[in-house]
Amino acid sequence: MAKQPAIEPTTDADSTTNIAKAVQQHGFSGETCEIKLTRADPNEPQQPFFGLNNYQIKVHFEKWVRVPVEMAKHIESLSYTVKEADPNEPDNLEKMTWVERARFPMQSRNFMQA
């Protein structure tokens, strides 16, 4: 039986390229970035799950993760609305207003071209 060639470890540059190529099969541009989600609510799950164009990921809070730019934009676009009290009259329920907030507040960095 012939020996299989050893798999050489990839460098960070190779990993980035491989990620960019891999995400293109999901209809993405191949451009990637790193995101870090900040916990908005203490009752949030430790690893929220996201999916877009059959591309699925779990993201840890407070850790940098490389994702397709389209996925980062999708996560950034998720929002919810909540009724907030008027700061001048917090007890007046009639003066409460609806406010839109980011569902997953995040930071992003390192936009890469494929």
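For this presentation, two rings of Phe, Tyr or Trp count as a pair if their centres lie within 6.5 Å, and planes over 60 degrees apart make the pair edge-to-face. Applied to this predicted model, that rule gives two aromatic pairs.

Consider Phe28 and Tyr55. Their ring centres are 5.7 Å apart and their planes stand at 85°, so this pair is edge-to-face. Phe28 belongs to the loop between α1 (12-24) and β1 (32-37), whereas Tyr55 sits in strand β3 (residues 55-58); the pair thus links distant parts of the chain, 27 residues apart. Both Phe28 and Tyr55 are buried.

I turn to Phe50 and Phe104. This aromatic pair is also edge-to-face, with 4.9 Å from centre to centre and 80° between the planes. Phe50 lies in strand β2 (residues 49-52) and Phe104 in the loop between β6 (97-102) and β7 (106-112), 54 residues apart. Phe50 has a relative accessible area of 4% and is buried; Phe104, at 9%, is buried as well.

Charged groups come next. Arg103 lies over the face of Phe104, 4.5 Å from the ring centre. Arg109 is placed over the face of Trp64, at 3.8 Å from the ring centre.

Finally, the setting of these residues. The protein has two helices and seven strands, in the sequence order α-β-β-β-β-α-β-β-β. Of its 114 residues, 25% count as buried. Among contacts between residues at least 6 apart in sequence, 57% join residues at least 24 apart. The accessible surface comes to about 8,300 Å², and carbon and sulfur atoms account for 49% of that surface.

Key: Residues numbered from 1 in each chain as written. Predicted model: local features only at pLDDT ≥ 70, side-chain atom pairs only at ≥ 80, totals over all residues. Heavy atoms only, no water. Helix = DSSP H or I, 4+ residues; strand = E, 2+ residues; numbered from the N terminus. Buried < 20%, exposed > 50% of the residue type's maximum accessible area, 1.4 Å probe, protein only. Contact = heavy atoms within 4.5 Å. Areas by Shrake-Rupley, 256 points an atom, 1.4 Å probe, with all protein chains shown as cover. Phe/Tyr/Trp six-rings, centres within 6.5 Å; stacked < 30°, edge-to-face > 60°. Lys NZ or Arg CZ within 6 Å of the ring centre and 35° of its normal.
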